[in-house]
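Hello,

Here is the structure I said I would pass on. Please open it first; my notes follow below.

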Amino acid sequence: MGRLFVVGLGPGDRATMTHGAYAALEAADVICGYTAYVELATALLPHKPTHATGMGGELERCAWAVHEAAAGKDVALVCSGDAGVYGLAGLALELAAKEPSVDVQIIPGVTAALAGAAVLGAPLVNDFCTISLSDYLTPWETIAHRLRCIAEAGIALCLYNPASRHRPDHLRKACDILLEVRDATTACGWVRNAGRAEQQHKVLTLAELRDEPVDMLTTVFVGAPQTTIVNGHLVTPRGYRIDG
Ligand code: SAH
């Protein structure tokens, strides 16, 4: 009986990869995943056998991992961040249900929302929500409806998949929906390549965010109405009173 470790690698550096994730990679006979994520793993464990597939091959990748585990291998199926946040944990469990001999273990990781929030300050200290702007698996109308609800809810928002080559205008469309309810001066930010050598970030207003060029390596943060900029950092108050 093989084990299938579904591993969240974290945002990209060793410092934010959990001990559990590293241990699963070490224990595995083979590391399987999207090419860029397999490269993150093999940078640490260069001699591990790998099975890397291109973007969009999620079903094939998970099926391969389950098949190998059913054949007796220990397989690490790797995702960036956390495998349960816009990752493959759900699909892996669904496919593995057909192979009861496979022991599936989900290994949590530091998701982009948390890694990026730490770069910007403390934007997610109070209630927050994440929305993916990718309409690859979710229709845009559903995404737009969720954005309207969150704008009304008045909590901080973290946007994954804010743009790609095929949908360069999704962030602008999302900001236009938010601006129907939220102030143009709402404190916002973005982080690109969190935890990697090329890390970049910026703090800006919601009006400025609308025209900001972002890509699929970026996570975007829209503050709550109470979020402020403190010494260059985004801070969402939790309610503590420090004056007086
Ligand atoms: N499972 C991943 C998310 C996959 S969806 C996680 O938990 O983080 C892919 C999106 O995640 C990207 O478009 C981007 O918005 C975000 N992302 C992933 N890694 C990132 C990083 N190192 N820096 C900034 N954003 C990142």
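A polar backbone atom of Ala-194 lies 2.8 Å from a nitrogen atom of the ligand. This is a predicted model, and the distances and areas in this email are computed from it. For Asn-193, a polar backbone atom is 3.5 Å from a nitrogen atom of the ligand. Val-85 also takes part: a backbone N or O atom of this residue is 2.7 Å from a ligand nitrogen atom.

How much of the ligand does the protein bury? Taken alone, the ligand exposes 540 Å², and the protein buries 93% of that area. The ligand is surrounded by 19 residues. The closest are Val-85, Thr-111, Met-216, Thr-218 and Thr-219.

Now the chain as a whole. The protein chain is divided into two parts: domain 1 covers 3-107 and domain 2 covers 112-235. Their centres, taken over C-alpha atoms, are 28 Å apart.

Where the domains meet, eight residues of domain 1 are in contact with 10 residues of domain 2. The area buried between domain 1 and domain 2 is about 730 Å², and carbon and sulfur atoms give 57% of it. On the domain 1 side, the residues that touch domain 2 are four nonpolar, two polar and two charged.

Which links were counted between the two domains? There are four residue pairs in polar contact between domain 1 and domain 2, with both residues at pLDDT 80 or more. The count of salt bridges between domain 1 and domain 2 is zero.

Regards

Conventions. Residues are numbered from 1 along each chain as its sequence is written. This is a predicted model: local features need pLDDT of at least 70, side-chain atom pairs count only at pLDDT 80 or more; totals for chains, interfaces and linings use all residues. Side-chain values use heavy atoms; hydrogens and water are left out. Domain bounds come from an automatic or database domain assignment. Contact means heavy atoms within 4.5 Å. Buried area is the accessible area (1.4 Å probe) that two parts lose on being put together, summed over both. A salt bridge is a side-chain nitrogen of Lys or Arg within 4 Å of a carboxyl oxygen of Asp or Glu. A polar contact is a pair of N or O atoms within 3.5 Å; within protein, one must be able to donate a hydrogen and the other to accept it, and residues adjacent in sequence count only if both atoms are side-chain atoms. Ala, Val, Leu, Ile, Met, Phe, Trp, Tyr, Cys and Pro count as nonpolar, Asp, Glu, Lys and Arg as charged, and the others, Gly among them, as polar. A residue is near a molecule or strand if one of its heavy atoms lies within 4 Å of it. Accessible areas come from the Shrake-Rupley method with a 1.4 Å probe; for residues, only the protein chains shown count as cover.
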